[in-house]
Amino acid sequence: MSLPTTKDASSRQRAGETLARFAAVGAVTTLLDMALFNTFYFAGAPPTPSNLVSYSCGIAVSYMLNRAWTFRAAHSHVQAVKFVAATLTGLLISTAIVAGLALLIPAPVAKVVSVPIVFVWNYLASRLWVFRGAEQPSTAARNNT
């Protein structure tokens, strides 16, 4: 068994920083999603269409912030298509959870329950598929090498 190298530690640190940035972007887009969902729902719209519209509104903001800040990737049409596909899958997961749980519990609570599940899906899809290999080291990390 060998000791971890500086490169291994640096890679883990970058992965942790990426997760923290992804979580920050997720917090912003989740607040937007929740605000819109509750606005539509309490204005009388059913939970499923409310969720479809509110979640969809966060996709463009999420892509721009995650591409530019979280993963520091150059714009790519392929990445944009992958991101939309991954987040639409997240939307389906979210909508299924909200629609199913809204039969048992209040819809806003069902929406809250869906958030951590969809967060895990979106992070893994972004990290392992959409932006795989595209992440650029931060300026500080580049200057230390």
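Biologist: Does Ile-117 count as buried, partly exposed or exposed, and at what relative accessibility?

Modeller: Buried means under 20% relative accessible area, exposed means over 50%, and partly exposed lies in between, with a 1.4 Å probe and protein chains only. Ile-117 has 45% relative accessibility and therefore counts as partly exposed. This is a predicted model, in which local features need pLDDT of at least 70 and side-chain atom pairs count only at pLDDT 80 or more, while totals for chains, interfaces and linings use all residues. Residues are numbered from 1 along each chain as its sequence is written, and side-chain values use heavy atoms, with hydrogens and water left out.

Biologist: How many helices and strands does the protein chain have?

Modeller: The protein chain has five helices and zero strands. Of its 145 residues, 32% count as buried.

Biologist: Which residues have the most contacts inside the largest nonpolar core?

Modeller: In soluble globular proteins, nonpolar side chains tend to be buried together. A nonpolar core is a set of buried Ala, Val, Leu, Ile, Met, Phe, Trp, Tyr and Cys residues joined through side-chain atoms within 4.5 Å. The largest one has 13 residues, and Tyr-63, Phe-83, Val-130 and Phe-131 have the most contacts inside it. Helix 2, helix 3 and helix 4 each give two or more residues to this core. Contact means heavy atoms within 4.5 Å. Leaving out residues up to four places away in sequence, Phe-131 touches several residues, including Tyr-63, Phe-71 and Phe-83.

Biologist: How many salt bridges does a search of the whole structure find?

Modeller: Side chains of opposite charge can pair when their charged atoms come close. A salt bridge requires a side-chain nitrogen of Lys or Arg within 4 Å of a carboxyl oxygen of Asp or Glu. The search finds one. Asp-33 pairs with Lys-111, and their closest N and O atoms are 2.8 Å apart. Because Asp-33 lies in helix 1 and Lys-111 in helix 4, the pair ties together parts 78 residues apart in sequence. Asp-33 counts as buried at 8% relative accessibility, and Lys-111 is buried at 1%.

Biologist: Which backbone oxygen does the side chain of Thr-29 reach?

Modeller: A polar contact is a pair of N or O atoms within 3.5 Å; within protein, one must be able to donate a hydrogen and the other to accept it, and residues adjacent in sequence count only if both atoms are side-chain atoms. The side chain of Thr-29 reaches the backbone oxygen of Gly-26 at 3.3 Å. Thr-29 is in helix 1, residues 6-42, and is buried with a relative accessible area of 12%.

Note on methods: Helices (H or I, at least four residues) and strands (E, at least two) are DSSP runs, numbered from the N terminus.
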